[in-house]
Amino acid sequence: MDQISGKRRQLLKAGAIGGGSLLFGFSLFGCTKQGQTPANDRKEPPSEKAVGQASTAMTNEQPGLAHDAFIRIDREGIVTLIIHKVEMGQGTFTSLPQLLAEELGADLSKVKLEQAPANNSLYADALLGGQVTGGSTSIRATYKPLREAGAKVRTVLVQAAAKNWNVEPGDLKVVGGTIRHEASNRQVHFGEVAEAASKLSFPAEVKLKDPAQFTLVGKPLKRLDSPAKVNGSAQFGIDARLPNMGIAAVAASPVLGGKVAAVDEQKALAVKGVRQVLRIEGAVAVVADHFWAAKQGLAAAAPRFDDGANANVSTAGIVADMMKVSQNTGAIATDKGDALKALDAGPGRRIDVVYEVPFLAHATMEPMNCTVDLKQDGCDIWVGTQVPALAQGAAAKLTGLPIEKVRVHNHYIGGGFGRRLEVDNVIQAVEFARLAKGPLKIIWTREEDIQHDMYRPYYVDRMSARIDDKGMPVAWFHRVTGSSIMSRFAPPMVKNGVDPDAVEAAADIQYSIPAIRVEYVRHEPPGLPTAFWRGVGPTHNVFVVESFIDELAYASKTDPVAFRRALLQKSPRTLAVLNLAAEKAGWGKPLKPIAGRKLGRGISTQFAFGSYMAQVAEVSVGPDGDVRVHRVVCAVDCGQNVNPDTIVAQMEGGIVFGASAALWDEVTVEKGRVQQSNFSDYRVMRMPESPAVEVYIVNSHDDPGGIGEPGTAGIAPALANAVFAATGKRIRKLPIAEQLKKA
């Protein structure tokens, strides 16, 4: 049994509210230690903490004081959890209620959810330090606090029933929201004792269930959000509607920093349904009765822009500058042994290569949008956001309103991927709302979104290693060059010149190599803002590290799996998933031939977001260089699994998302303008192109790891290594398809 201390007892409280319902407050604070990864693993990524810090900085609140998230139980026994996370497809709205219901003894079908209002003080995530959904933290941060809250609420409900029946609490059982006294054949549901329970004190300590006794956690339960999404009643941000609301199509300067030069307002107003033409410094919005009229009006307005200082920015220029800068010595992220000396001396051979990964857009399925009703005495915002308090703070700053007068109504998100950790859409909507007559919804077209995104940074990685006479690496050098998201988002997280996000999964590789040095060189490209992308730092570093390990295996004439095994003897959980994935994939066995195509398998491993993973990809490559991904085998050890169906879904979605980017996607710039515009030239894998994905989950009762992003991080190197196995072409620059065209 897991003994929980009562040190947060003072933060738990209960009270009766209208109708005899019982309202319980509980703390999510203090679970940082509980949510930490086991000893000998790397610490929680500071990039995640930084997101929350940025949010709390905007609202001037102190992080980590989340003491008033609530559980409400009404007369009918319906349990309502006011949830501080947003649902963006990752399954949070099912997994978190599972945790609560497990210890509460509730009927999961009678657990309802309410989205928490924006409030960093009340609803901060313990790992992130702010009201944030991201970084694969939802389960990690709430696994024990939610269970503890459920156990304490159950305790007072049982005490109330026992007092009413004049029996011992220990003689009662709780099953499916019902409290039973089998000796007298009496029973009540939670709602019938809620008011009486509200007058009792919470216990100082409770015993949580042994995981072996779980009846809900670890089960593939149906998602609670599916019915509404299937029948169309689910409300996303873009579904917000208000009386007399105007809907706006927007055109921002195609060059970052450009300003509006001219607009043909009369032509726009001549379009039926158009109400207003609004201008702010860098963008134009045409407001209409409906979006089609707004879009037609915007086309008629034909806004023109002064490009400004970034008019001549190009990808070629950005990369040329980065190549030069990447030759400079960087800030030290890891320095073990004397790697520089070991590279230049000793038996064996030295290998030096350079990797590159491109700018990437998020391309969320639900276009960016925001609805604002701004009045003199308050501001209401309807949006799907990963950072409601950050949005609230930004709006308050713009309008000059007290923060409590800004109300954020958060919604389901149709694809986050880190895009909605930013609030540029909210800021723009509020700016336009100050000029609008009445409530206003802005919708960015797909083109507007992709060409005005905040992009995953371009990185140049210089890699060096020495392998000895036995073919094993004795020295490892990795210099990361790229922009610093942290310096913009959370400057205090940058220590001694190292952006922790830029080197995550590079500074702490799992392989045992005697001498390792990892450096970071910051270089900000002009004309493109950069931001977190699904999988954040590991998406680029896992690709580089796992590709280079594959190169070393080939150089040592050793099988890639055997090579990794030899280096993972001190990382047993990573070794275990490597072996599991290799076994399930049939590593070493021949692939079924496909006429006219070359076949290959590739493997990758990683430890990121508190989870261990290995992936094996099977690909074929045609004569013209087209790559088909036939099968991906994924072994994951994410500690205690809460809902295996959710884990499988996250692996499948993450792998397809990451494979799309690895195979085809990049954002390029010419004359300061992003050249991609829609899914026609920024591809997402179509259903017939999607591989069979097999997911194998390691049974574990260790603290949960994250699952939303590891799948995305691991697929790119598995694919690149498979392409090498098939063709002999080493992919050191993404996207893969572009490199095969040049082969």
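## A tour of the second largest pocket and its surroundings

The lining of the second largest pocket is made up, by class, of 13 nonpolar, 9 polar and 6 charged residues. Keep in mind as you look around that this is a predicted model.

Stop 1: Begin by selecting Ala 252, Leu 256, Gly 257, Asp 424 and His 452. Of the 28 residues lining the second largest pocket, these are the closest to its centre. The space inside comes to about 690 Å³. Which helix gives the largest share of the lining? That is α13, with 4 residues.

**Stop 2: helix α13.** Stay with this helix and select residues 424-433. Is α13 mostly covered or mostly open? It is mostly covered, with 7 of its 10 residues buried. To see them, pick out Asn 425, Val 426, Gln 428, Ala 429, Val 430, Phe 432 and Ala 433.

**Stop 3: Ser 677.** Next, select Ser 677, in the loop that runs between β29 (673-674) and β30 (692-697). Is Ser 677 buried or exposed? Its relative accessibility is 18%, so Ser 677 counts as buried, the cut-off being under 20%. Show its surroundings too: apart from neighbours within four places in sequence, Ser 677 is in contact with Arg 446, Glu 447, Ile 450 and Gln 451.

**Stop 4: two crossing helices.** Now move to α5 (138-165) and α6 (residues 190-197). Their axes come within 8 Å and cross at roughly 90°, so the two helices are roughly perpendicular to each other. Which residues of α5 and α6 meet here? On the α5 side, select Val 156, Leu 157, Ala 160 and Ala 161; on the α6 side, Phe 190, Val 193, Ala 194, Ala 196 and Ala 197. The residues of this contact divide into 9 nonpolar, no polar and no charged.

**Stop 5: Glu 168.** Glu 168 counts as exposed because its relative accessibility is 54%, and the cut-off for exposed is over 50%. Finish by selecting Pro 97 as well and drawing a line between the two C-alpha atoms: Glu 168 and Pro 97 are 29 Å apart in space and 71 residues apart in sequence.

Terms used
Residues are numbered from 1 along each chain as its sequence is written. This is a predicted model: local features need pLDDT of at least 70, side-chain atom pairs count only at pLDDT 80 or more; totals for chains, interfaces and linings use all residues. Side-chain values use heavy atoms; hydrogens and water are left out. Buried means under 20% relative accessible area, exposed over 50%, partly exposed in between (1.4 Å probe, protein chains only). Axes are lines fitted to C-alpha atoms, for helices over the stretch in contact, and angles run from 0 to 180 degrees between N-to-C directions. Angles under 35 degrees count as roughly parallel, over 145 as roughly antiparallel, 65 to 115 as roughly perpendicular and the rest as oblique. Contact means heavy atoms within 4.5 Å. Ala, Val, Leu, Ile, Met, Phe, Trp, Tyr, Cys and Pro count as nonpolar, Asp, Glu, Lys and Arg as charged, and the others, Gly among them, as polar. On a 1 Å grid over the protein atoms alone, a cavity is a set of points where a 1.4 Å probe fits but cannot get out, and a pocket is an open set with protein on both sides within 12 Å along at least five of seven lines; lining residues have an atom within 4 Å of a point. Grid points are joined across faces, edges and corners, and a volume is the space filled by probe spheres set on the points.
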